[in-house]
Amino acid sequence: MGLVTKAGVEEVTRRITRSAIGSAGFKEQLTEAVTQVAAAASTRDVTTAVASTGDAISGGLTRASDLGSALSDRLFGTSRPAPAATPAPKEAPERNVPQEALVEEMSGRAPTFFLHAEGLGHETAYNMINSELLLDGSARLNLATFCTTSMPAYADKLMAETADKNMIDKDEYPQTAEMENRCVNIISNLWNSPAGEDAIGCSTTGSSEAVMLAGLAMKWRWRAKMRAAGKPTDRPNLVTGANVQVCWDKFMRYWDIEERIVPLEGDKLCLTADRLKDYVDENTIGVATVLGSTFDGRYEPFTEIAAELDRIQEETGLDIPLHIDAASGGFVAPFIQPELVWDFRLPRVCSINASGHKYGLVYPGVGWAIWRSAEYLPEELIFHVNYLGGDMPTFSLNFSRPGSEVVAQYFMFASLGFDGYTKVQQHSSHVAQYLASEIEKIGPYELITRGDDLPVFAFKLKDSVTNYTVFDVSERLRERGWQVPAYTYPANREDLAVLRIVVRAGMTHDMADLLLADLRRHTAKLECLSGPLPSSIESDDQIFAH
Ligand SMILES: *Cc1c(COP(=O)(O)O)cnc(C)c1O
């Protein structure tokens, strides 16, 4: 979420003054003056006409100045001195509503800075907000986000019906809790938790929270091990590739973990096994690898990474756990790449996270964290709460959370089944690979990935293209509503600027053809440029980390 800073004095003043000018009283005053001017003009009475115009203007100015003092009083408590003669008798304010709120309200504006004294009523408020939201981009044309933008109507219905249930309140809503249990079981089995090990897990608000929890578990286990060996515990570190999602940087910074980030080099655009040995040591709490890089959808070479950690253990005795960040891939690989062994079948894997709201096919925010067994989830991290009745073990950063997300996840599992998920992901994968191969044919583009890991791919402009950049292409596509982000890779490949397309359920072959037509048209125009475009179009969303 963007952090919001409260609007400053200048902004409030500008907006409120505009509201005042738009307010009913002011308009009437002006209309009256204009009528007088017109009447005077028709009798050729220039003196009256000038006087009326003057009155109108001074009326407006008085209003603006009154408002100015009221504002400055409220914001600073230091208005210009009131006219000395008649100090107004102090009356207790009838309602504790600032004058500016009344001005906003009078002029029929939406509440922007203050709570209005009187609400708009349900219907008007609904219509107002509904219209305003039309200005948001169309979720369907958003090829930037990994998050679900289309669910069946029955899911909407169920979610609306369960939005009032609190996930944490397992005693009052035991059946919602039961659905969470079933989901944890289904997901553990989907990720091949071995029959002899009791996987343990929970729902979260998304992969970010799941990563925080998994990271904490690794930190606590590492600390216990170091303490038992009588070694210092003040310098934990975690190893990841520079291409990990921002939640890992957050985890390391928030919890004081040294960031051991393996940079990208040349065509190594993710974490690779060969460089691991230079980054791990006895203070390494774990290695995190991504199943589906945010930057281009590629799967990291998890088999080689796990094998290298095995080799390091044989050579040095260091037993370093591997966490798989399967935010996207956790609900893709099991269905369309069943031959890949990326999950609990790799003994090195201690925990896995995924976002239910990405390829899990649920609207934001639900995620999942699963540990191989209770051994990997230190008991000290689990809180037992009894104030909702019963004994409830919890491991989460949040407390209250809507039950509708978990219910919706369970609904998708129940309604689609293995076959349904396979069809949906297979379709996205076909569309992604079709788009990638057609884009390659246009001419100036070079694929970084082809959409055959996640249904996601990135492409760059060939080095021979010098008159325009990927940022210009992104900007042009935006004109038709397509959101295709352009950004640069992280260290050490900041020189590599790409466009990325995320194909999700709801993107059809027909829509893909429409996108291709727009891309071909814009590219042809850009190719006709006789010189470089001014480089003013460096986009705001440079580093894009959905
Ligand atoms: C999206 C993503 C995250 C963060 O997931 P949220 O569910 O949005 O919190 C973490 N890791 C990867 C690889 C991602 O793609």
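Trainee: Is the crossing where H13 passes H14 left-handed or right-handed?

Mentor: In this predicted model, helix H13 passes helix H14 in a right-handed crossing.

Trainee: And how many degrees do their axes cross at?

Mentor: The axes of H13 (residues 470-478) and H14 (residues 509-527) cross at roughly 130 degrees and come within 10 Å, and that angle makes H13 oblique to H14.

Trainee: Which residues make the contact?

Mentor: On the H13 side they are Asp 472, Val 473, Arg 476 and Leu 477, and H14 contributes Asp 518, Leu 519, His 522 and Leu 526; sorted by class, that contact has 4 nonpolar, 1 polar and 3 charged residues.

Trainee: Switching to the sheet, what is the strand order?

Mentor: The sheet is open, with 4 strands in the order S10-S11-S13-S12 and antiparallel pairing. Strands S10 (445-447) and S12 (486-488) each have a single partner strand, so one side of each is left without a neighbour in the sheet.

Trainee: How many bridges join S10 to S11?

Mentor: There are 3 bridges between S10 and S11 (residues 456-461), two strands that run antiparallel, and Glu 446 stands opposite Lys 460 of S11.

Trainee: New topic: how many residues surround the ligand?

Mentor: The ligand is surrounded by 15 residues, the closest being Gly 206, Ser 207, Ser 208, Gln 245 and Ala 327, and by class this shell has 4 nonpolar, 10 polar and 1 charged residues.

Conventions:
Residues numbered from 1 in each chain as written. Predicted model: local features only at pLDDT ≥ 70, side-chain atom pairs only at ≥ 80, totals over all residues. Near = placed C-beta within 6 Å. Nonpolar A, V, L, I, M, F, W, Y, C, P; charged D, E, K, R; others polar. Pairing = 2+ DSSP bridges. Axes fitted to C-alpha atoms, helices over the stretch in contact; angles between N-to-C directions. Parallel < 35°, antiparallel > 145°, perpendicular 65-115°, else oblique. Left-handed = near helix turned anticlockwise from the far one by under 90°. Contact = placed C-beta atoms within 7 Å.
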